[in-house]
Each structure stands twice: as structure tokens, then as C-alpha cells.
Amino acid sequence: MLAIRLPEEIEARLNSLAKRTGRSKTFYARKAILEYLDDLEDLYLAEQVMRRIQSGEEKASTLDEVEARLGLAD
């Protein structure tokens, strides 16, 4: 269970959207949180990989190198 306080303007927008679409405020809050979590997780993973590349722990490959390694080069 999660309870959050929203600024009045956001609460009003959420109420309006829910009324116009016949969906619950909870539906939209859940959807927004899930999408934002996906973005945050992607960002966190990308930052981890970038740190490994910058430290030399991991190497990046160009598209040409990947295609050649997989036998997909022209």
C-alpha cells in the first residue's frame, strides 16, 4: 500500500483524467510509476555500464565490429 500527497494542480489533473476516461486515479498513478521505474532502471543500468567502460573494466564495440563478430558484415 502506498499513500502519496500530490500538489493540488496534479490532483486536479488526475481527477479530470480519471473522470473523462472512466478509469481510476489508482490506474493512472500505477501506470505512471511503472513507466517511470522502467526509465529509472534503464538509466541506472546505463550509468553502471558507462562507469565500467570509463574505468576500462568493459569495452564498447562499434556496430561494424559487432556485425563482423556475428558474421553479418557485408
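**Surface, salt bridges and patches**

Student: At 27% relative accessibility, what does Arg 52 count as?

Tutor: Bear in mind that this is a predicted model, and that the relative accessibility of Arg 52 is 27%. Buried would require a value under 20%, and exposed a value over 50%, with partly exposed in between. Because 27% lies between those limits, Arg 52 counts as partly exposed.

Student: Which side chain meets that of Arg 52 in a salt bridge?

Tutor: The contact is given from N to O, at 2.6 Å, and a salt bridge needs a nitrogen of Lys or Arg within 4 Å of a carboxyl oxygen of Asp or Glu.

Student: How many salt bridges does the structure hold?

Tutor: For the whole structure, the number of salt bridges is four.

Student: Why are Lys 31 and Glu 35 separated by about one helical turn, and in which helix do they lie?

Tutor: Lys 31 and Glu 35 are separated by about one helical turn because they are four residues apart in one helix. Lys 31 is partly exposed, with a relative accessible area of 42%, and Glu 35 is partly exposed as well, at 44%. The helix that holds both Lys 31 and Glu 35 is H2.

Student: What charge does the surface patch with Asp 38 and Glu 41 have?

Tutor: The members of this patch are Asp 38, Asp 39, Glu 41 and Asp 42, and Asp 38 has its place in helix H2, which spans residues 25-54. Asp 38 is partly exposed, with a relative accessible area of 44%, and a patch member must be over 30%. Since Asp and Glu count as negative, the charge of this patch is negative.

Student: Which helix gives the largest share of the nonpolar patch?

Tutor: The nonpolar surface patch covers about 910 Å², and its members include Leu 2, Ile 10, Leu 34 and Leu 43. Leu 43 is found in helix H2 and is partly exposed, with a relative accessible area of 44%. The largest share is six residues, and the helix they come from is H2.

Student: What distance separates the C-alpha atoms of Arg 69 and Leu 34?

Tutor: Arg 69 is found in helix H3 and counts as exposed, at 58% relative accessibility. Leu 34 belongs to the nonpolar patch, and it lies 35 residues from Arg 69 along the chain. The distance between their C-alpha atoms is 36 Å.

Student: In which helix is the confidence lowest?

Tutor: The protein averages a pLDDT of 95, and 100% of the residues score at least 70. Confidence is highest in helix H1, residues 8-21, at 97. With a mean of 94 across residues 63-69, the helix where confidence is lowest is H3.

Conventions:
Residues numbered from 1 in each chain as written. Predicted model: local features only at pLDDT ≥ 70, side-chain atom pairs only at ≥ 80, totals over all residues. Heavy atoms only, no water. pLDDT = per-residue confidence, 0-100. Helix = DSSP H or I, 4+ residues; strand = E, 2+ residues; numbered from the N terminus. Patch = residues over 30% accessible without salt bridge, like charges linked within 9 Å, V, L, I, M, F, W, Y side chains within 5 Å. Areas by Shrake-Rupley, 256 points an atom, 1.4 Å probe, with all protein chains shown as cover. Charge placed at Lys NZ, Arg CZ, Asp CG, Glu CD. Buried < 20%, exposed > 50% of the residue type's maximum accessible area, 1.4 Å probe, protein only.
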